[in-house]
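Here are my notes on this model, point by point. Please check each against the coordinates.

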Amino acid sequence: MIGFTRRKLLGFGGVAAGGSLLAACDSLAHNDGITKVVRSAEKASLGWQRAIGRDALAPEYSLADLSPDFKVNGTHAPVEAQYQAMLGNGFADWRLKVSGLVANPTEFSLPQLKALPARTQITKHDCVEGWTAIGQWTGPQLGLIMQAVGPKPNARYVVFRCADNYGGEASKGGAQSTSLYYESIDLIDAFHPQTILAHSLNGKPLSVGHGAPLRLRVERQLGYKQAKYLMELVVTDSYASFGQGGGGYWEDRGYEWYAGI
Ligand SMILES: Nc1nc2c(c(=O)[nH]1)N[C@H]1C(S)=C(S)[C@@H](COP(=O)(O)O)O[C@H]1N2
Ligand SMILES: [Mo]
C-alpha cells in the first residue's frame with residue numbers, strides 16, 4: 001500500500017500524467033477484477049478524454065476555517081428499509097454500482113473505494129437556503145472511477161442514484177414524494193479534480209446525516225448537487241429518462257441543472 005503522503009499527492013492529474021492507475025495503488029493491483037477494469041480503461045477513447053483538464057478550482061480553505069458545526073440538510077436519515085438494513089450491517093453489503101455507457105460495469109465495495117488514492121479538500125458548501133459551511137472532505141476522485149470503468153464515446157453525463165426518498169421522513173410529511181433523490185453532472189465536472197466521492201468529513205467516516213457511506217462533492221456547484229447516500233452511478237448520453245427528466249430531484253422541482261456558485 002502506498003504511504004499517506006504519496007497518496008495525498010496523487011491527485012487525478014498525477015494519475016493521468018503517469019498513465020497508469022496500477023502504479024498508483026498496489027493493493028488494487030492485487031485485485032484481479034479491478035486490475036482488468038483498469039487495464040482496459042487505459043485504452044480509453046479520445047471522446048471523453050477531451051473532458052479532462054477544464055479544471056478551474058473552487059477555493060480551498062485551511063483547518064482553522066472548519067465550521068464547528070456542519071449543518072445537516074435535506075434527508076437526515078433515510079427511512080427506506082433497504083438503507084436501514086445496510087446501515088444495520090455497517091454497510092458491509094453496500095456496493096456502489098457503476099453502469100450505463102461504460103466499457104466495464106463495476107460494483108465497488110466500501111473497502112475498495114477507501115483503498116483508492118484519495119483527495120482531501122477543505123471547501124465551502126453553499127446551500128440555496130442561504131447557509132454555508134466549511135468542511136474537509138476525503139475520497140477518491142470521480143475521474144479515477146470513470147477512468148476505471150471507461151465511459152463510451154457517446155457518454156455525456158453521470159447520474160447519481162441515492163438511497164433516500166427525500167419526502168419520506170415523518171418530519172417532511174411521510175411518503176409525499178415517490179421519487180428517490182438523484183442528481184447528474186456532465187463529464188467535464190465528473191473529471192474535475194475536486195469532484196470526489198467522499199467517504200469522510202473532517203477525518204471521520206460520514207455520519208448518516210451527511211450521507212453515509214458515500215456522497216458526491218462537486219465543489220463548483222451548490223448544495224443540492226452534493227448527492228448523499230450514493231447507490232448507483234449511471235453513465236448516460238441523456239438524463240431525460242431519470243426522475244421527471246430535469247436531471248435531479250430539485251431540478252425536477254424548478255431548480256437550475258447547472259448550479260454554479
Ligand atoms: N440524497 C440526498 N442528497 C442530498 C440531499 C437530500 O435530501 N438527499 N439534500 C441536498 C441539499 S439541498 C444539501 S444543502 C446538502 C446537505 O448536505 P449535508 O446534510 O451534509 O449538509 O445535501 C444535498 N444532497
Ligand atoms: Mo441545499
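Which residues form one aromatic cluster?

1. The cluster consists of Tyr181, Tyr224, Tyr249, Trp250 and Tyr255. Bear in mind that this is a predicted model.

2. The charged end of Arg253 sits over the ring of Tyr249, 3.6 Å from the ring centre.

3. The whole structure holds 11 aromatic pairs. One of them is Tyr83 with Tyr229: the centres are 5.4 Å apart and the planes lie at 80 degrees, so the pair is edge-to-face. This pair links distant parts of the chain, 146 residues apart. Tyr83 belongs to helix α7, and Tyr229 to the loop between β10 and β11 (230-236). Tyr83 is buried at 1% relative accessible area. Tyr229 is buried as well, at 1%.

4. Tyr224 and Tyr255 also pair edge-to-face, with 4.9 Å centre to centre and 70 degrees between the planes. Tyr224 lies in the loop between β10 and β11, Tyr255 in the segment after β11, 31 residues apart. Tyr224 is buried, with a relative accessible area of 8%. Tyr255 is partly exposed, at 32%.

5. Now the backbone. Most residues other than glycine have a negative phi, and most peptide bonds are trans. Phe91 has a positive phi of about 65 degrees. Phe91 sits in the loop between α7 (81-88) and β1 (95-100) and is buried at 10% relative accessibility.

6. Asn202 has a positive phi of about 50 degrees. Its loop runs between β8 (200-201) and β9. Asn202 is partly exposed, at 28%.

7. Check the Ala212 to Pro213 peptide bond: it is cis, with omega near 5 degrees. Pro213 is in the loop between β9 (204-205) and β10 (215-218).

Technical notes: Residues are numbered from 1 along each chain as its sequence is written. Chains are lettered from A and ligands numbered from 1 in the order in which they are written. This is a predicted model: local features need pLDDT of at least 70, side-chain atom pairs count only at pLDDT 80 or more; totals for chains, interfaces and linings use all residues. Side-chain values use heavy atoms; hydrogens and water are left out. Helices (H or I, at least four residues) and strands (E, at least two) are DSSP runs, numbered from the N terminus. Buried means under 20% relative accessible area, exposed over 50%, partly exposed in between (1.4 Å probe, protein chains only). Rings of Phe, Tyr and Trp (its six-membered ring) pair if their centres lie within 6.5 Å; planes under 30 degrees apart count as stacked, over 60 as edge-to-face and the rest as tilted. A charge sits over a ring if NZ of Lys or CZ of Arg is within 6 Å of the ring centre and within 35 degrees of the ring normal.
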